[in-house]
Amino acid sequence: MSDESHRRCIQLKDSFRVICSGRMLVTLIMGFASGLPLLLTLSVLQAWMKEENIDLSLIGLITLVQIPYTWKFLWAPLLDRFIPPFLGRRRGWLFLIQIALVCAIAGLGFTDPVHHFRMMIFTALLISFLSASQDIVIDAYRREDLPDKELGLGSSLYIYGYRMGTLLASGGGLILADHIPFAYVYLIMAACMLPCIFTTLFAPEPVVPGNTPKTLREAVIAPLMEYFSRRSALLMLAFILLYKIGDTMAGAMTIPFYLDVGFSKTEIGTVVKLFGTWAVIVGAITGGFLMLRLGIRRSLWIFGFLQAISTGCFALLVKTGPSIIALSFVISFENLSSGMGTAAFVAFMASITDKRFTATQYALLSSLMAFPRVLASAPTGFMAQSAGWEFFFIICMLVAAPGMLLLPKIAPWNLANGSGKRNTLTKR
């Protein structure tokens with residue numbers, strides 16, 4: 001065996017050792033715990049309301065119970081500052097939140113849209129608050145537990161677990177609701193959180209770094225001061241806003257686009273939702289494997305380029321018309337590249353946080369990442385109407401350029417050696 005073959009064999013063994021480690025299993029299960037509650041207060045609850053003949057305007061407004069996800073950075077400093085008296089800073093909070101979450105999900109099943117509407121709304125809002133709080137702690141745990149070089153694969157497995165959680169809640173929940181009352185559906189979904197609680201109990205507590213916040217004021221101010229003391233702080237914020245903006249804009253209008261092209265709702269549901277979801281999962285896992293070899297920063301370059309090209313491929317459907325083969329190709333390519341891009345993006349955000357303030361800094365960055373989903377997506381209907389579908393998707397592809405042009409400053413290719421080390425530009 002040549003030296004090169006021997007080296008590759010060792011790298012392959014190391015990769016499998018990382019993949020099969022207990023850290024990755026914990027990351028996967030914690031991703032499932034994050035994904036499960038999300039759609040229990042959206043699609044499943046909306047289906048229950050529709051079944052009870054609740055007014056459509058109220059069904060639409062139920063999405064407002066998701067507000068805690070966009071404001072979670074407000075209470076993230078509390079989770080950095082205070083440490084429960086058992087299990088440690090991360091597992092202690094996670095255990096308490098997950099116990100409350102199980103009770104809240106089960107409690108939602110004891111309400112109903114007709115007789116306990118206000119209680120139902122309050123309970124759904126409580127679930128969103130607890131779920132957003134759980135996300136804060138899980139994101140911090142993942143950053144603190146995984147070495148930098150494993151953040152890419154860890155982020156991929158987290159996304160995989162997250163998708164499994166959302167699939168179980170939405171697909172599984174709706175299927176169950178055809179056979180049993182919604183009250184029992186929510187009890188079953190609450191029980192599905194129990195393995196996550198056991199994982200929290202038996203997972204190792206990350207090592208607490210020195211100089212953690214000693215006061216609430218320090219927990220709020222110090223993370224901001226540390227972040228903005230970096231030379232590239234503003235550029236990194238701009239990058240986080242722009243890296244996936246084209247992908248986000250295109251995604252906001254895909255369903256009306258498919259219908260305009262001539263696809264039936266059954267075809268959309270089968271190919272886009274079911275087949276497309278698995279493509280995202282495969283993309284996330286593939287991205288994780290590649291990041292072990294390429295490193296996070298080189299992955300941002302490659303996956304970002306593929307992500308932009310796949311967005312432009314939607315314009316091909318204007319030419320082909322309602323072709324299932326063409327739709328399957330475009331959806332596979334777009335969701336595969338989007339899954340890889342998301343995995344690299346999430347890993348990058350984790351890598352630039354300071355472990356003393358992980359919960360606060362990551363909550364701020366992830367909240368910032370969500371802004372394009374709301375702001376940039378708002379005018380997409382006007383853009384598609386004015387430019388036409390073909391030019392709209394070409395515009396979305398070109399909108400990705402500013403984020404890619406920031407990569408030489410944010411993640412220089414020649415500094416990415418696969419180790420996942422911080423870019424020197426992020427240091428003070």
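Select Arg230 and Glu226. Their side chains meet in a salt bridge, 2.8 Å from N to O. Arg230 is buried, and Glu226 is buried too. Keep in mind that this is a predicted model.

A search of the whole structure finds nine salt bridges. Go next to Arg89 and Glu144. Here the side chains form a salt bridge with an N to O distance of 3.4 Å. Colour the two helices: Arg89 is in helix H6 (residues 89-109) and Glu144 in helix H7, so this pair ties together parts that lie 55 residues apart in sequence. Now check burial. Arg89 has a relative accessible area of 3%, so it counts as buried. Glu144, at 9%, is buried as well.

With Arg89 and Glu144 they are linked in a network of salt bridges.

**Along helix H7**

Stay on H7 and pick Asp139 and Arg142. Their side chains meet in a salt bridge at 3.2 Å, N to O. What separates the two along the helix? They are three residues apart in H7, which means about one helical turn lies between them. An α-helix has 3.6 residues a turn, so residues three or four places apart point the same way. Both Asp139 and Arg142 are buried.

Leave Arg142 selected and show Tyr158. Arg142 lies over the face of the Tyr158 ring, 4.3 Å from the ring centre.

**The nonpolar cores**

The largest nonpolar core has 90 residues. Start from the residues with the most contacts inside it: Leu45, Ile105, Tyr186, Met193, Phe239, Leu300 and Phe348. Which helix gives this core its largest share? Helix H7 (residues 117-145) does, with 10 residues.

Centre on Met193. Setting aside neighbours within four places in sequence, Met193 is in contact with Ala33, Leu36, Gln98, Leu101, Val102, Ile105 and Gln134. Ile105 is in that list, and it is also among the residues with the most contacts inside the core.

Then move to a second, separate core of 23 residues. Ala250, Ala315, Leu317 and Cys396 are included in this second core.

**Aromatic rings**

Show Phe, Tyr and Trp. The structure holds 17 aromatic pairs. Trp71 has a relative accessible area of 45%, so it is partly exposed.

Compare Phe239 and Tyr243. This pair is also tilted, at 5.0 Å centre to centre and 40° between the planes. Both of these residues are buried. Phe239 is one of the residues with the most contacts in the largest core.

For a cluster, select Phe257, Phe314, Trp389, Phe392 and Phe393. They form one aromatic cluster.

**Last stop: helix H2**

Select residues 22-35, helix H2. How far apart are its end C-alpha atoms? They are 20 Å apart, and the 14 residues should span 20 Å at 1.5 Å a residue, so the two values agree. Next, colour H2 by burial. Its buried residues are Met24, Val26, Thr27, Met30, Gly31, Phe32, Ala33, Ser34 and Gly35.

How values were computed
Residues are numbered from 1 along each chain as its sequence is written. This is a predicted model: local features need pLDDT of at least 70, side-chain atom pairs count only at pLDDT 80 or more; totals for chains, interfaces and linings use all residues. Side-chain values use heavy atoms; hydrogens and water are left out. A nonpolar core is a set of buried Ala, Val, Leu, Ile, Met, Phe, Trp, Tyr and Cys residues joined through side-chain atoms within 4.5 Å. Buried means under 20% relative accessible area, exposed over 50%, partly exposed in between (1.4 Å probe, protein chains only). Helices (H or I, at least four residues) and strands (E, at least two) are DSSP runs, numbered from the N terminus. Contact means heavy atoms within 4.5 Å. A salt bridge is a side-chain nitrogen of Lys or Arg within 4 Å of a carboxyl oxygen of Asp or Glu. Rings of Phe, Tyr and Trp (its six-membered ring) pair if their centres lie within 6.5 Å; planes under 30 degrees apart count as stacked, over 60 as edge-to-face and the rest as tilted. A charge sits over a ring if NZ of Lys or CZ of Arg is within 6 Å of the ring centre and within 35 degrees of the ring normal. The expected span of a helix is 1.5 Å times one less than its number of residues.
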